[in-house]
Amino acid sequence: MTVLLDPTSERSPTIRPRLPRPERLDGLTIGLLDIAKARGDVFLDRLDERLQERGIAVKRYKKPTNTRPAPLPLQQQIAGEVNLVIEGLSD
Amino acid sequence: MLCRSNEPERVMVSLPQDGLVAVVKRDCPTCELTAPVLGELARRAGLTVYTQDDPSFPETVPGPVHDLALDVSHRLKIEIVPTLIRLEAGREIGRTYGWDRGEWERLTGVRGLGDGLPDQRPGCGAKNVEPGIIERLKVRFNETGLKSRRVEIGQDEDEQEAMFGRGWSDGLPLVPPTEERVLRMLDGTARDPQEVIGLVPPALAAATVEKIAINAVMAGCKPEYLPVVLAAVEAVLDEGFAMHGVLATTMFVGPVVIVNGPIRRQIGMNAKGNALGQGNRANAAIGRALQLVIRNIGEGRPQEVDRATLGNPGKLGYCFAEDEEGSCWEPLSVERGVKPGVSAVTVFAGFGLQGVVDQKSRTPESLARSMAESLKAIHSVKLAPSCDALLVVCPEHERTFREAGWSKARLYEELYKLCEIPGEELVAGAKGIAEGGPPSLAGKTVNKFRPGGLMIVRAGGNAGMFSGIIGGWSAGGPRGSIPVTKEVRP
């Protein structure tokens with residue numbers, strides 16, 4: 001176990017903060033990531049419809065298997081093409 | 001990654017309540033010398049012997065107690081071996097170290113010790129106070145006095161990735177700031193770790209010596225660089241330097257640190273070939289430590305309060321030493337009021353490097369004109385006054401001035417005169433460039449610099465007629481940032 005001393009002003013909690021959420025979706029491209037679990041596509045298809053109705057650009061992605069993290073090329077492709085990602089986690 | 005509280009953890013050390021205790025190590029000739037005496041005292045006076053390095057030493061004593069973890073030695077604050085201590089009811093009532101027959105006899109009450117030995121022999125340094133070990137023991141005994149939050153890195157987590165993930169890095173790997181390393185760093189200064197050097201913008205968070213030491217560790221500093229880092233932090237936090245503005249501006253600048261005085265050579269800084277480049281640990285780490293202080297303590301980060309359009313590579317760290325030994329001019333620090341022979345840092349809000357290439361001038365007049373033409377181009381040939389500047393004169397250029405007997409004051413004066421620009425050239429639209437000043441400039445003369453807005457130092461390798469200009473911030477001067485000099489204190 002390594003213990004480090006905090007070099008900061010300690011005004012933030014030690015738990016890594018989430019990235020800030022965008023204030024609005026207009027003008028952004030949204031990625032929908034299917035993690036390859038059953039019926040995830042149903043959820044994402046519906047989101048796709050709703051987003052397209054609002055004129056928001058959507059790109060679809062799918063992991064080869066839900067048992068492993070997304071392959072690096074897929075992660076990089078998503079990072080290069082969209083501003084944010086929504087994924088469905090449940091069966 | 002977890003945060004843990006700083007609750008003391010008790011290290012249990014058991015010692016005899018009464019009697020004699022000796023601490024020794026085999027790697028000490030005086031301990032070897034006293035081995036027969038230790039054996040005699042173990043037999044006759046109930047001596048317990050703790051050994052720091054070899055569990056079988058001394059063979060004269062039945063079953064010496066090994067103290068390889070050095071907990072007993074640390075608890076007893078042993079500095080020299082052999083040390084002989086008398087305890088009564090758990091309290092120490094007497095101690096002697098090294099071999100001194102009279103002292104040993106007085107403490108043990110046994111006469112005629114060490115027949116055939118010299119009367120006295122100095123001891124050796126104890127293992128528990130060796131650098132690297134003493135810090136580890138202080139951490140284990142919770143005696144560091146360090147106040148900063150502890151961040152635990154998971155056993156399988158990569159330290160570098162954990163630090164990147166927390167946003168501590170300037171983009172390059174960091175030295176992990178363990179408690180042991182920070183303790184060693186603090187040995188580099190006599191200042192109290194909790195002394196506040198100033199409030200770091202934009203967060204206006206307190207920069208204690210301890211927090212600065214943590215960032216200095218991460219930057220790769222040695223403890224002996226710390227006084228220079230502290231002076232640089234003190235300088236940028238001086239109101240005159242306007243660190244908040246220097247950080248927040250869309251312009252290129254960051255703090256440039258120029259080091260003068262004996263500390264330069266004591267810590268091995270580079271003032272010669274490639275002085276402004278890579279490859280010297282002190283130059284690189286001191287400049288980097290200052291930037292990490294601004295990033296981590298002040299929360300001054302790019303694309304946040306740091307609004308720089310392009311920034312400049314020197315914002316990773318920009319620090320070098322003046323080549324005083326080879327110069328005919330007084331050092332920058334002396335020119336700015338510091339006594340000769342006293343170490344100091346000067347900070348300047350500057351950026352990049354613009355070369356002054358002149359391989360043909362052999363008179364000071366020609367060379368000064370050459371330098372002035374380059375100086376007049378900083379930011380834009382259409383802007384004056386535009387910013388302060390730092391002229392780094394290389395040795396082969398300085399030689400031309402030296403041989404002609406030009407003092408630094410003379411060069412300042414001549415350059416200032418040569419940087420007068422006819423207003424017509426500066427008017428918006430002149431030279432076919434829309435940038436520029438109002439038509440009212442026509443008929444006037446405008447200087448490229450405010451009075452006192454130019455600084456000159458000497459640095460660089462012996463070969464090459466290549467001086468350099470470090471440009472400044474358009475808000476140079478009292479309304480924005482002025483250079484600040486601070487003495488380096490131990």
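**Figure 1. Where chain A meets chain B.** In this view, 13 residues of chain A are in contact with 29 residues of chain B, two residues being in contact if their C-beta atoms, placed from the backbone, lie within 7 Å. The side of chain A that touches chain B has five nonpolar, four polar and four charged residues. Here Ala, Val, Leu, Ile, Met, Phe, Trp, Tyr, Cys and Pro count as nonpolar, Asp, Glu, Lys and Arg as charged, and the others, Gly among them, as polar. This is a predicted model, in which local features need pLDDT of at least 70 and side-chain atom pairs count only at pLDDT 80 or more, while totals for chains, interfaces and linings use all residues. Residues are numbered from 1 along each chain as its sequence is written, and chains are lettered from A and ligands numbered from 1 in the order in which they are written.

**Figure 2. Strand pairing between the two chains.** Strand β1 (residues 2–5) of chain A runs antiparallel to strand β11 (residues 150–153) of chain B, and four bridges join them. Look for A:Leu5, whose bridge partner in β11(B) is B:Arg150. Strands count as paired if DSSP finds at least two bridges between them; helices (H or I, at least four residues) and strands (E, at least two) are DSSP runs, numbered from the N terminus.

Figure 3. Three strands with parallel pairing follow the order β3-β2-β4 in chain A. At the edges stand β3 (57–62) and β4 (84–88), each with a single partner strand, so one side of each has no neighbour in the sheet. Neighbouring strands of this sheet are turned by 25° against each other on average, direction ignored. Strand β2 (residues 29–34) of chain A pairs with β4(A) in the parallel sense over five bridges, and A:Leu32 has A:Ile86 in β4(A) as its bridge partner. Helix α1 (residues 40–53) of chain A lies across β2, β3 and β4, at about 165° to β2(A). Helix α2 (residues 72–81) of chain A also lies across β2, β3 and β4, at about 155° to β2(A). Axes are lines fitted to C-alpha atoms, for helices over the stretch in contact, and angles run from 0 to 180 degrees between N-to-C directions.

**Figure 4. Helices α8 and α11 of chain B.** Helix α8 (residues 226–236) packs against helix α11 (residues 281–297) at an angle of about 45°, with their axes 9 Å apart. The two helices are therefore oblique to each other; angles under 35 degrees count as roughly parallel, over 145 as roughly antiparallel, 65 to 115 as roughly perpendicular and the rest as oblique. From α8(B), B:Val228, B:Val229, B:Ala232, B:Val233 and B:Val236 meet B:Ile286, B:Ala289, B:Leu290 and B:Val293 of α11(B). This contact has nine nonpolar residues, no polar and no charged.

**Figure 5. Helices α4 and α6 of chain B.** Helix α4 (residues 133–140) and helix α6 (residues 179–186) pack at an angle of about 120°, their axes being 9 Å apart. That makes α4(B) oblique to α6(B). Here B:Glu135, B:Arg136, B:Lys138 and B:Val139 of α4(B) meet B:Glu179, B:Glu180, B:Leu183 and B:Arg184 of α6(B). The residues of this contact are two nonpolar, no polar and six charged.
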